[in-house]
Amino acid sequence: MEFTATEIAAAVRAGVLDPVAVVKQSLARIAERDKEICAFVRVRVDAAMREAQQLAGRDDLARLPMAGVPVAIKDVIPVAGEPMRIGSAATSAEPRSHDHPLITRLRQAGAIILGLTAVPELSLWPTTDGAHGITKNPWATGRTAGGSSGGSAAAVAAAMVPVAVGSDGFGSLRVPAACCGLVALKPGIGVVPAELGATSWGGVGVNGPIAATVADTALLFSVLADDPRLAVVDVPRSLRVVLPDNEPVPHVWADDAARRAVVAVRETLTDVGHFTTAARLPYPRNLMPVFARWFSTPAADVEASVADPQALQRRNIRHLRLGRRLRNRVSGEQIAEAARQAEQFFDDHAADVVMTPTSPRMPVKAVAWSQRGWLANVAAASMSTTYTPFWSMAGWPAVTIPAGIHPISGTPVGVQCAARPGGEALLLALAGQLERHRPWARRPARYT
C-alpha cells in the first residue's frame, strides 16, 4: 500500500489497517528523518497514540473520510493542549485552550494530528529557520524548503506524513510546495476558515492543503472546506488557458528552468485538448498594497500575542517598524480592486485558467536567514514570490503542480494555475489530468 492519505483512509475504513499502526509508522519516520530535515517543532507522540487508540473504537469508523490519516499542522493554527509559537521565542509557551475550526473538522473526519510544523518567525518569510533549526528541502538538503509553510511541505516531501495543512498570505503554501515537488491549493477567500492571527493578513490569508498527489489534496481540501463533493477529482472540460507573457516585477524574471516547465506543461495541455494562448496580464505597477500588508498586518499579531517585541528577531523588528508606518495603506478596497482587475482580464481573454511559474528561481540556500539582515531577507524573498501575490490580493483560488526538476539545484519546479472564485474543483481537475499525463516523482528516491 502506498503512503497516501486516500489509501490509508480506505484501508482503515475497511478494517484491514489499524490506526495505531499508521501513527506508529509516521512517528518512526519522523524519528528517523526529522533530525536532518527539521520539519517539526513539536511532535505529539503520546497524544497522537491516544487519539489513534480512541479512533479505532469509534462506531462510525467506516464512514470517516480521513480515518486514521496522520496530518501535520502549521504552527500558526491553534491545537488544543499545544502551544502555538508562530516560529518565535517571543510568543507564549502556554498551551492553547481550544482547537481552530479546521482542527475540529479534521478530528471529526478521523484524522490524527501528529504534530506542529516549523515556520519562520511570524510567518513573514519564504525561508524557514529559527530557534528550531533550519528546515531543509528533502530533495536537496542544501536548499530551503521554502516558507512560510516550509515545515509542512518538508514533512510531506520526506514522507513523514502523507498530508499537511499550511497557510498562504502571498504564496506561503504554493512556494514551499513547489520547492518540494508537491501539490498545494490556495483556496479563495472564505472557502476555508482562516482565523489567522489578528487580521488574517489584512483579509487575504487563507489555510489550505499540501500533499504529494492530487487525490490527497482534494481529500484534505474537502474536509477543510466541509464539502465532501470536493474530494472527487473530475475530468476537466476543454479549457482556455492563458499564459502571461510578461513578468509581475520588472527586476525579477523567470529563469530557464521555470520557463521550460511552463512550455512543457503548455504542450501537454494542448495535446489533451485544451486551448492555450499568451497575453499580457496587467500586473499592478503599484506594489504598495502588497508591501503594506506584508509589513503592517503582522504588527497587529505582535500586539495580540507577543509580550516582549524586543525579543523578536532583528530582521523582524525592522520589518514591523516599517509596517507601523503603513497601517493606513491597507484597505478592503484593495482586494476588491485586484479582483476587478483579475475578472476583467479573464473576461477580455475568455479565460478559464491562467498559468505561470510558481516561483521564478530555484530555492535559495538553507542557511540561517533569521540571523541575516532585513535587506538580505527581502532580496531572498523577491527571488521566490513574484507570481503568487496577485492571486492572493484578488482572493482567487490557485494551485501549484510539480512540473520538473531544476538542473542546478536538483529541486522540483512548479507551475501555478489560477481560476475564478469557486474554481477550486476546476483547478484540482486540471491538476489531476496533468498528474495522469505528466506524472511526477512523489518524493525523493531515498524516501520512497
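Start at Trp294 in α9, where the helix has a kink of about 25°, shortly before the proline Pro298. The bend at a residue is the angle between axes fitted to the seven residues ending there and the seven starting there. Helices (H or I, at least four residues) and strands (E, at least two) are DSSP runs, numbered from the N terminus.

This is a predicted model: local features need pLDDT of at least 70, side-chain atom pairs count only at pLDDT 80 or more, and totals for chains, interfaces and linings use all residues. Residues are numbered from 1 along each chain as its sequence is written, and side-chain values use heavy atoms, with hydrogens and water left out.

**Stop 1: helix α9**

Select residues 288-305, the 18 residues of α9. Now look at the cover: 13 of the 18 residues of α9 are buried. Buried means under 20% relative accessible area, exposed over 50%, and partly exposed in between (1.4 Å probe, protein chains only).

**Stop 2: the largest pocket**

Next, select Leu287, Val290, Phe291, Thr385 and Pro389. Of the 37 residues that line the largest pocket, these are the closest to its centre. The volume of this pocket is about 770 Å³. On a 1 Å grid over the protein atoms alone, a pocket is an open set of points with protein on both sides within 12 Å along at least five of seven lines; a cavity is a set of points where a 1.4 Å probe fits but cannot get out; lining residues have an atom within 4 Å of a point. Grid points are joined across faces, edges and corners, and a volume is the space filled by probe spheres set on the points.

Which elements give two or more residues to the lining of the largest pocket? They are α9, α11 (332-348), α12 (374-382) and α13 (389-394). Colour the lining of the largest pocket by class: 23 residues are nonpolar, 13 polar and 1 charged. Ala, Val, Leu, Ile, Met, Phe, Trp, Tyr, Cys and Pro count as nonpolar, Asp, Glu, Lys and Arg as charged, and the others, Gly among them, as polar.

**Stop 3: the second largest pocket**

Move to Val76, Met84, Glu195, Leu196 and Gly197. Among the 26 lining residues of the second largest pocket, these lie nearest its centre. β8 (163-168) and α9 are the elements that give two or more residues to this lining. α9 gives the most, with 3 residues. The second largest pocket holds about 410 Å³ of space. Its lining has 10 nonpolar, 10 polar and 6 charged residues.

**Stop 4: the cavities**

The structure holds 2 cavities of 30 Å³ or more. The largest cavity has a volume of about 110 Å³. Select Ser359, Arg361, Pro412, Val413 and Gly414, the closest to its centre of the 15 residues in its lining. α6 (174-179), α8 (256-271) and β15 (412-418) each supply at least two residues of that lining. By class, the lining of the largest cavity has 10 nonpolar, 3 polar and 2 charged residues.

For the second largest cavity, select Thr144, Met362, Pro363, Val364 and Ser384, which lie nearest its centre among 13 lining residues. The volume here is about 80 Å³. The lining divides into 8 nonpolar, 4 polar and 1 charged.

**Stop 5**

Most residues other than glycine have a negative phi, and most peptide bonds are trans. Go to Gly147 and Ser148: a cis peptide bond joins them, with omega about 5°. Ser148 is in the loop between β7 (140-144) and α5 (150-157). Then pick Ala350, which has a positive phi of about 50° although it is not a glycine. Ala350 sits in the loop between α11 and β13 (353-357).

**Stop 6: the cysteines**

Cys38 also has a positive phi, near 60°. Find Cys38 in the loop between α2 (19-37) and β1 (40-43). Cys38 is buried, at 15% relative accessible area.

How many disulfides does a search of the whole structure find? The count is 0. A disulfide is a pair of cysteine sulfur atoms within 2.5 Å. The sulfur of Cys38 is 14 Å from the closest cysteine sulfur, in Cys180, too far for a bond. For Cys180, the closest cysteine sulfur is in Cys179, at 6.1 Å, also too far for a bond. Cys180 is buried, at 0% relative accessibility.

Technical notes
Expected span 1.5 Å × (residues − 1).
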